[in-house]
Amino acid sequence: MRWTAGSTERTGAVARQPERPDRVARFSGAERLVHRATGWLMLLCLVSAACLYLGPVAQLVGRRHLMITVHEWSGILLPAPFLLGLLSPAFRADLRRINRWAAYDGRWLRAVRTRLTDPASRPAGKFNAGQKIYAGWIAGAVLVMMFTGLLMWFMGLLPLISRTSAIFVHDILAWAITVVLIGHMRKAYGDPVARAGMRTGYVDRKWAMTHHAKWLTEEGRDRSRAGSDHS
């Protein structure tokens with residue numbers, strides 16, 4: 001049994017809610033749990049880091065040993081939601097979408113560069129080009145943060161890399177992640193329909209046709225092809 005993107009129900013499942021033609025399923029329950037758990041772990045990492053490295057915050061909170069423990073373990077556990085999400089077919093399908101660069105993604109980036117804001121100038125599938133770049137960047141950044149964090153935690157793990165170098169990369173990247181996450185949350189705050197999609201799993205069909213028209217077109221074509229293959 002799997003969740004079919006663009007559909008309002010799980011394939012083969014008994015519908016728990018009446019069909020609503022005004023909305024489409026965007027994220028499965030597993031995907032929303034992965035996003036939520038990753039978000040909370042990332043927040044714990046950043047807040048505990050602030051309690052360790054920002055003088056006024058460190059003095060206000062204290063409990064340095066506790067903050068170190070929270071920071072280390074929230075960082076170690078950060079990839080766990082992603083790895084568990086791989087058990088979900090819907091999550092794996094969206095990973096394939098994010099990793100697939102379409103011709104219209106280049107148009108989306110050119111529109112951003114030339115500051116064209118109308119949706120027709122920014123064609124997008126289920127994920128637009130900006131979301132694909134963000135997902136790839138944040139995944140790579142988390143891996144580097146884990147690697148440098150482990151070098152700081154277990155001194156002597158790789159003698160060729162000094163602890164000072166690891167701290168430098170870790171700190172610079174932490175600031176970059178903070179800036180990028182603020183941008184991510186700012187974009188989400190400005191789009192209540194997208195937020196509702198991550199909260200409930202569903203988005204307004206009109207919104208999807210306006211901002212992610214290629215998604216509905218591609219899903220419709222895939223379903224038609226699957227139907228003809230089985231006929």
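A residue is called buried when its relative accessible area is under 20%, exposed when that area is over 50%, and partly exposed in between, with a 1.4 Å probe and protein chains only. The model is predicted, so local features need pLDDT of at least 70 and side-chain atom pairs count only at pLDDT 80 or more, while totals for chains, interfaces and linings use all residues. Residues are numbered from 1 along each chain as its sequence is written, and side-chain values use heavy atoms, with hydrogens and water left out.

**Exercise 1.** Determine which residues of H8 are buried and which helices they pack against.

*Solution.* Next, the buried positions in H8 are Ala166, His170, Leu173, Ile177 and Leu181. An α-helix has 3.6 residues a turn, so residues three or four places apart point the same way. Finally, the buried residues of H8 pack against H1 (29-53), H3 (64-77) and H7 (129-153).

**Exercise 2.** Describe how H7 and H8 are arranged relative to each other.

*Solution.* First take the axes, which are lines fitted to C-alpha atoms over the stretch in contact, with angles from 0 to 180 degrees between N-to-C directions; those of H7 and H8 come within 9 Å and cross at roughly 150°. Angles over 145 degrees count as roughly antiparallel, under 35 as roughly parallel, 65 to 115 as roughly perpendicular and the rest as oblique, and H7 and H8 are therefore roughly antiparallel. The contact (heavy atoms within 4.5 Å) includes Tyr134, Ile138 and Met145 of H7 and Leu173, Ile177 and Leu181 of H8.

**Exercise 3.** Identify the members of the largest nonpolar core and the element that gives its largest share.

*Solution.* Such a core is a set of buried Ala, Val, Leu, Ile, Met, Phe, Trp, Tyr and Cys residues joined through side-chain atoms within 4.5 Å. The largest one has 10 residues, namely Leu41, Met42, Leu78, Ile138, Ala141, Val142, Met145, Leu173, Ile177 and Leu181. H1, H7 and H8 each give two or more residues to this core, and the largest share, 4 residues, comes from H7. Beyond its neighbours within four places in sequence, Leu181 is in contact with Met42, Leu46, Tyr134 and Ile138.
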